[in-house]
Amino acid sequence: EEGYAGGKAMIDDCLFERLPADEVYALHNWPGLPAGKIAVRPGPMMAAADRIEIHIAGRGGHGAHPDLTIDPVLVAAHIIVAAQSIVSRNVDPIDTAVVSLCSMQAGNPGAMSVIPREAHLVGTVRTFRTATQDMIEKRLAELVHSIAAAFGATARIDYQRVYPATINTDAEAIFAANVAASIVGEDNVVRDLDPSMGSEDFSFMLQRRPGAYARLGQGGDGAGHGAFLHSTRYDFNDDVIAVGAGYLSALAERAMPLDPR
């Protein structure tokens, strides 16, 4: 699931043909909510996750003679700065997106005076709307190629759409919230939680079937349960297992009630 799109693999393996389903529901623990609360809302819950790799080719040489080189590190620096303008100047302020270049590799730390021949950037793009995703991919390609050309270098970008956005369907999200209220009480249901810019492979299932993705609060009690997901200090709160299991069972029971006859 983490990074390998297990949801897509199951869809490609004919999940819903082999195991027919009319609706799909998922539950994920969330340290940002108090223990026992359940959050679910119509519309976006998680962002699409795209991977970007940028390869810059220049001309290496001696750091004392930069005029004889085409410095890919300088080109990479300009690309990094320019990429941040896409969200601030091209994305509708009412919309939201993230462009993060998270890795840069160039040269050798032991070679202080050698300008390398190549530089390599890796990062991610997060969006909720396909139109925004398309625009960012286009603008990144334009910036990467034009900036490299301005310095006499060449560059190519590999843009991979890894996970689509996780979008709850309206009726199923409302149903899921109402079921949650019957289990934990309306006061413990959050119906307007802000979407997360993280991503989720359950999104592939929601592209094929209506449904809803919910969050189960696990809270912070001083024993590490407040550490966020993927933290080295993260500790799952076992006390919320019964709540989560009861909620998932109730979804099935309410959606598919037994015939009283």
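Which residues does Val75 touch, not counting residues up to four places away in sequence?

1. **Basis.** This is a predicted model, in which local features need pLDDT of at least 70, side-chain atom pairs count only at pLDDT 80 or more, and totals for chains, interfaces and linings use all residues. Residues are numbered from 1 along each chain as its sequence is written, and side-chain values use heavy atoms, with hydrogens and water left out.

2. **Overall form.** The chain has 7 helices and 12 strands. Both are DSSP runs, numbered from the N terminus: helices are H or I with at least four residues, strands are E with at least two. The C-alpha trace spans about 85 × 40 × 35 Å along its principal axes. The radius of gyration is 23 Å, whereas a compact globule of 261 residues would have one near 18 Å. That radius is taken over C-alpha atoms, and the globule rule is 2.2 Å times the number of residues to the power 0.38.

3. The accessible surface comes to about 14,000 Å², and 55% of it belongs to carbon and sulfur atoms. Areas come from the Shrake-Rupley method with a 1.4 Å probe; for residues, only the protein chains shown count as cover. Buried residues make up 40% of the 261. Buried means under 20% relative accessible area, exposed over 50%, and partly exposed in between (1.4 Å probe, protein chains only). The chain has 21 positive and 32 negative charges, and their mean positions are 5 Å apart. Lys and Arg count as positive, Asp and Glu as negative; His and the chain ends are not counted. Each charge is placed at NZ of Lys, CZ of Arg, CG of Asp or CD of Glu.

4. **Val75.** Val75 lies in helix α3. Its relative accessible area is 0%, so Val75 is buried. Not counting residues up to four places away in sequence, Val75 touches Ile56, Ile147, Ala148, Phe151 and Ala153. Contact means heavy atoms within 4.5 Å. Val162 is 87 residues from Val75 in sequence, and their C-alpha atoms are 27 Å apart.

5. **Largest nonpolar core.** A nonpolar core is a set of buried Ala, Val, Leu, Ile, Met, Phe, Trp, Tyr and Cys residues joined through side-chain atoms within 4.5 Å. The largest has 25 residues, and Ile56, Val75, Ile79, Val125, Ile136 and Leu140 touch the most other members. At least two residues of this core come from each of β4 (48-57), α3 (72-90), β6 (97-106), β8 (118-127), α4 (130-150) and β9 (154-163). Leaving aside neighbours within four places in sequence, Ile136 is in contact with Ile86, Val91, Ala97, Val99, Val125, Thr127 and Tyr159. A second, separate core has 18 residues, including Ala177, Val184, Ala214 and Leu216. In soluble globular proteins, nonpolar side chains tend to be buried together.

6. **Pro72.** Pro72 also lies in helix α3. Pro72 is buried, because its relative accessible area is 0%. Not counting residues up to four places away in sequence, Pro72 touches Ile56, Gly58, Ile115, Pro116, Arg117, Glu118 and Ala119. Ala155 is 83 residues from Pro72 along the chain, yet their C-alpha atoms are separated by 9.4 Å.

7. Take contacts between residues at least 6 apart in sequence: 80% of them join residues at least 24 apart. Ala176, in helix α5 (residues 170-184), gives a local picture. Ala176 is buried, with a relative accessible area of 0%. Leaving aside neighbours within four places in sequence, Ala176 is in contact with Tyr25, Val40, Ala212, Tyr247 and Leu251. Ala176 and Arg59 are 117 residues apart in sequence and 58 Å apart in space, C-alpha to C-alpha.

8. **Glu253.** Glu253 is found in helix α7 (residues 241-255). At 53% relative accessible area, Glu253 is exposed.

9. **Backbone points to check.** Most residues other than glycine have a negative phi. Ala5 has a positive phi, near 50 degrees. Ala5 sits in the segment before α1 (6-12) and is buried, at 11% relative accessible area. Cys14 also has a positive phi, of about 65 degrees. Cys14 lies in the loop between α1 and α2 (15-18). Its relative accessibility is 36%, so Cys14 counts as partly exposed.
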